[in-house]
There are 2 protein chains.
Amino acid sequence: MINRLCIIGVGLIGGSLARALKAKGACHEVVGYSRQVGHLQRAVELGVIDRYEQTVADAIRNADVIVIAVPAGAFDTVFAEIADAASARAIITDVGSVKESVIRSAAMYLEHHLARFVPGHPIAGSEKTGVEASDAGLFVNAKVVLTPTAGTDPGAVKIIRDMWNSAGADVVEMDAGEHDRILAATSHLPHLLAFALVDLLAQMDGKTDVFSYTGGGFRDFTRIASGDPQMWHDICLANRDAVVAVIESYRASLDTLGKAIEQEDSRFITSMFIRAKQARDRF
Amino acid sequence: MINRLCIIGVGLIGGSLARALKAKGACHEVVGYSRQVGHLQRAVELGVIDRYEQTVADAIRNADVIVIAVPAGAFDTVFAEIADAASARAIITDVGSVKESVIRSAAMYLEHHLARFVPGHPIAGSEKTGVEASDAGLFVNAKVVLTPTAGTDPGAVKIIRDMWNSAGADVVEMDAGEHDRILAATSHLPHLLAFALVDLLAQMDGKTDVFSYTGGGFRDFTRIASGDPQMWHDICLANRDAVVAVIESYRASLDTLGKAIEQEDSRFITSMFIRAKQARDRF
């Protein structure tokens, strides 16, 4: 049982976590902070948080657990504000999609709170954003990756693990670098591919409305291109090296497939499509 | 009103068209042909077709409209069989995803029936295949592209246009080459990208189950990688030149994006993502 939970950034992820923990009685009080007071007022109206404060320092006062659910670009500032005002026993975690960059930022700003910082990433989401879209069931059966370092207090890891379990998630621990390489392939690359495809079609879209010659498959394929451009920009830069490396691997694959089509290499084409279909159907 | 409609290839598309026309009373009798008698028996049981024959020649006897709904690889054979046995007034159409290759094949095999051949492509479908998945509503508000040539009889085009309108579709006419270039971008390329991504992940999938670190976005994005590998192989080869060209354009886009990420060119990345999101949200 968490006595006072503070959510910094009450959007889809932060709001859904607050809802889930309140629904399970896993925390006594939820205090919210956000740069936009309007979002906080709405979060109180919706019953997502119990109350809010207008500075990070006020919001985290006497908090047992502080969850940072802000965009990748805002971590440095938030860490610095927390370092000045968090209680000595507060456990700090985050929900960022890229972990090595967050760990670097924490090492730089969190000072004597560093051992109680547990880097985390719930693999759940939606193209929808904001507290209005928050949902107590968002994390049920979702995977949450925690990437503690050698210096992280195991007791702090246990509390964050229990918190996510209460929200219905399946928690795993992993090295931050491995997390970032996997997510570059399973999440960041697909988003880049979808953005690049829609942009290519938009450029072709002269006198013919090419988007009207698409079916349900295209709609599904490009749904993720409706994601928040600023958020995906921040993720690409925060995970730059892994993203650049996986784009390279993908380009090499696409090159080989393109050459096989040009040369009518039926065996290569069919076996790639069969392997992919089997992997997709299993999953 | 079509008196006798013959469907060659009673699968998802052929079956759905038969269901739609019967539901609207737009044809009197539907005769089916397929290489697999089991499919035909099931189609009769489901009420999709009225009866079936075991040769193309028997199936098309006295048919007013013949719809060819077979995989891209089977067109030559079917056209040759039709040329020998169709009545002089029969109107022939197809539902193939690539039009220039079908037109070349028709020119080679259809002989004196060529003027009454109306190349067509309903842009509708599903990862599901087979007559069991057929649905009278599949074409409601779907786009159907007809690509008549200079030699096509306008009266025949009108009958096929009316047929698709009866099924609820929105019919447009277009040059076959333009159709093939557009579909290479809106349909064939997305499928290739999804197959290539899932295959890349399957290759990474050693000791870590990378597929378990994916969310709903990935599921949507890769749904089309569950498509029939043989069918997509056939489409890639039938539309080879347009597919190779659009892969090239896409690779160039992806290259530029990869370099922008490497060089942290925020302005370029953000503006591409914003353009894509706006185009996706409009559509």
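Mentor: Gladly. Begin with Val67(A), which stands opposite Thr93(A) in S5(A). This is a predicted model, where local features need pLDDT of at least 70 and side-chain atom pairs count only at pLDDT 80 or more, while totals for chains, interfaces and linings use all residues. Residues are numbered from 1 along each chain as its sequence is written, and chains are lettered from A and ligands numbered from 1 in the order in which they are written.

Trainee: In which sense do S4(A) and S5(A) pair, and over how many bridges?

Mentor: Two strands count as paired if DSSP finds at least two bridges between them; strands (E, at least two residues) and helices (H or I, at least four) are DSSP runs, numbered from the N terminus. Here S4(A) and strand S5 (residues 91–94) of chain A are parallel, with four bridges. Strand S1 (residues 2–8) of chain A also pairs with S4(A) in the parallel sense, over four bridges. Within that pairing, Cys6(A) has Ile66(A) as its bridge partner.

Trainee: Are the residues of S4(A) that point one way or the other buried or exposed?

Mentor: Burial is a count: a residue is buried if 20 or more other C-beta atoms lie within 10 Å of its own, exposed if 12 or fewer, and partly exposed in between, with C-beta atoms placed from the backbone. In strand S4 (residues 65–68) of chain A, Val65(A) and Val67(A) point one way, Ile66(A) and Ile68(A) the other way, and all are buried. Compare Arg42(B) in helix H2 (residues 37–45) of chain B: Arg42(B) has 18 other C-beta atoms within 10 Å and is partly exposed.

Trainee: What is the strand order in the open sheet of chain B?

Mentor: The order is S7-S8-S9, three strands with mixed pairing. Strand S7 (120–123) and strand S9 (170–173) of chain B are at the edges, each with a single partner strand, so one side of each has no neighbour in the sheet. S7(B) runs antiparallel to strand S8 (residues 143–146) of chain B, joined by four bridges; there Gly120(B) stands opposite Leu146(B).

Trainee: How do I read the division of chain A into domains?

Mentor: Domain bounds come from an automatic or database domain assignment. Chain A is divided into domain 1 (2–174) and domain 2 (178–282). Their centres, taken over C-alpha atoms, are 31 Å apart.

Trainee: How many residues of chain A are in contact with chain B?

Mentor: Contact means that the C-beta atoms of two residues, placed from the backbone, lie within 7 Å. By that test, 74 residues of chain A are in contact with 73 residues of chain B. H7(A) gives the most to this side of chain A, with 19 residues.

Trainee: And how are the two chains related?

Mentor: Copies are superposed by least squares on the C-alpha atoms of residues with pLDDT of at least 70 in both. Chain A can be laid on chain B with an RMSD of 0.1 Å by a turn of 180° and a shift of 0.0 Å along the axis. That is the relation of a two-fold axis. The same surface serves both copies, as 97% of the contact residues of chain A recur in chain B. Of the residues of chain A, Phe221(A) comes closest to the rotation axis, with its C-alpha at 2.0 Å.
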